[in-house]
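Good morning, and thank you for joining this group meeting. I would ask you to keep the structure on the screen in view while I speak.

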Amino acid sequence: MIKVGDTIPAMKLMQATAEGPREVSTDELFGGKTVVLFAVPGAFTPTCSAKHLPSFLSNIDPLKAKGVDAIACIAVNDAFVMGAWAKDQQVGDRIIMLADGSGAFTKALGLELDLVARGLGVRSQRYAMVVKDGKVAHLAVEAPGGFEVSKAEAVLAAL
């Protein structure tokens, strides 16, 4: 599993935008800036929609005041699902919505979550990390079923 001090792997992801999906590299996303990346097991799922994404939406200004250049949300969903979820949650351009449709990025980080028995396939664990110029500066991975260390308030306290 990726850890503090490690470099984010160089890969391509899909970003959900108002104009449709756009390929983006991790170098472009994380190079030369401070980014909070939080991962959810799935768009439109209860905790992700009611708590996780909203915690970051309501803390954008405090995070930016602590030096965060961008906030990104990632899930093992396709870019169309991430775009629909962003619209449903009224994200606008305030949070970068990233699709890891095949789970390749999640697997490269070692943060996959096997939910095959529950009919959801392989997803991402719930986590939040702070990435500074491509290197992990903070990583908080939730215990199964938990929602404490990856919410925006916990990330703020770690900055």
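I shall begin with the sheet, then turn to the helices, a pocket and a few single residues.

Please bear in mind throughout that this is a predicted model.

Seven strands form it, and it is open, with the order 2-1-5-4-3-8-9 and mixed pairing. For those new to the subject, strands of a sheet pair through backbone hydrogen bonds, either parallel or antiparallel. Which strands stand at the edges? They are strand 2 and strand 9, the latter covering residues 135-141. Each has a single partner strand, so one side of each is left without a neighbour in the sheet. On average, and with direction ignored, neighbouring strands of this sheet are turned by 30 degrees against each other.

Strand 2, residues 20-25, runs antiparallel to strand 1, and six bridges join the two. Between strand 1 and strand 2 there is a hairpin, which connects them through two residues. Within this pair, L13 stands opposite V24 of strand 2. Strand 1 also pairs with strand 5, again in the antiparallel sense, over three bridges. Here M14 is found opposite A99 in strand 5.

The next pairs bring us to strand 4. Strand 5 and strand 4 pair in the parallel sense over four bridges, with A75 opposite A99 of strand 5. Strand 3 and strand 4 also run parallel, and five bridges join them. One example is A39, whose bridge partner in strand 4 is I74.

How many of the residues of strand 4 are buried? The answer is six of the six, so strand 4 is largely enclosed by the rest of the structure. In a regular strand, side chains alternate between the two faces of the sheet. In strand 4 both faces are covered: on one side A70, A72 and I74 are buried, and on the other I71, C73 and A75 are buried too.

Beyond strand 3 lies another pairing. Strand 3, residues 34-39, pairs with strand 8, residues 127-132, in the antiparallel sense over six bridges. In that pair V36 stands opposite V130 of strand 8.

Two helices deserve mention at this point. Helix 2, residues 46-57, packs on the sheet and touches strand 3, strand 4, strand 5 and strand 8. The direction of helix 2 makes about 165 degrees with that of strand 3. Helix 4 packs on the sheet as well, touching strand 1, strand 2, strand 4 and strand 5. The direction of helix 4 makes about 150 degrees with that of strand 5.

I turn now to empty space. Rolling a probe the size of a water molecule over the atoms shows where such space is left. The second largest pocket has a volume of about 250 Å³. Its lining includes Q15, T17, K87, D93 and M97. Which elements give two or more residues to this lining? They are strand 1 (12-17), helix 4 (79-88) and strand 5 (96-99). By class, the lining of the second largest pocket has six nonpolar, four polar and two charged residues.

S124 is in strand 7, residues 121-124. With a relative accessibility of 1%, S124 counts as buried, since the limit for that word is under 20%. Leaving aside residues up to four places away in sequence, S124 touches A39, V40, P41, V76, T106, L111 and L113.

L109 belongs to helix 5, residues 104-109, and it is likewise buried, at 1% relative accessibility. The C-alpha atoms of L109 and I8 are separated by 7.9 Å, although these residues are 101 residues apart along the chain. With residues up to four places away in sequence not counted, the contacts of L109 include M1, I2, I8 and Y127.

The last two concern the backbone. Most residues other than glycine have a negative phi. F44, however, has a positive phi of about 70 degrees although it is not a glycine. F44 lies in the loop between strand 3 and helix 2, and F44 is partly exposed, with a relative accessible area of 43%. D133 also has a positive phi, near 50 degrees. D133 is in the loop between strand 8 and strand 9 and counts as exposed, at 54% relative accessibility.

Thank you for your attention.

Key:
Residues numbered from 1 in each chain as written. Predicted model: local features only at pLDDT ≥ 70, side-chain atom pairs only at ≥ 80, totals over all residues. Heavy atoms only, no water. 1 Å grid on protein atoms, 1.4 Å probe; cavity = no way out; pocket = protein on both sides within 12 Å on 5 of 7 lines; lining within 4 Å. Points joined across faces, edges and corners; volume = space filled by probe spheres on them. Nonpolar A, V, L, I, M, F, W, Y, C, P; charged D, E, K, R; others polar. Pairing = 2+ DSSP bridges. Axes fitted to C-alpha atoms, helices over the stretch in contact; angles between N-to-C directions. Contact = heavy atoms within 4.5 Å. Buried < 20%, exposed > 50% of the residue type's maximum accessible area, 1.4 Å probe, protein only.
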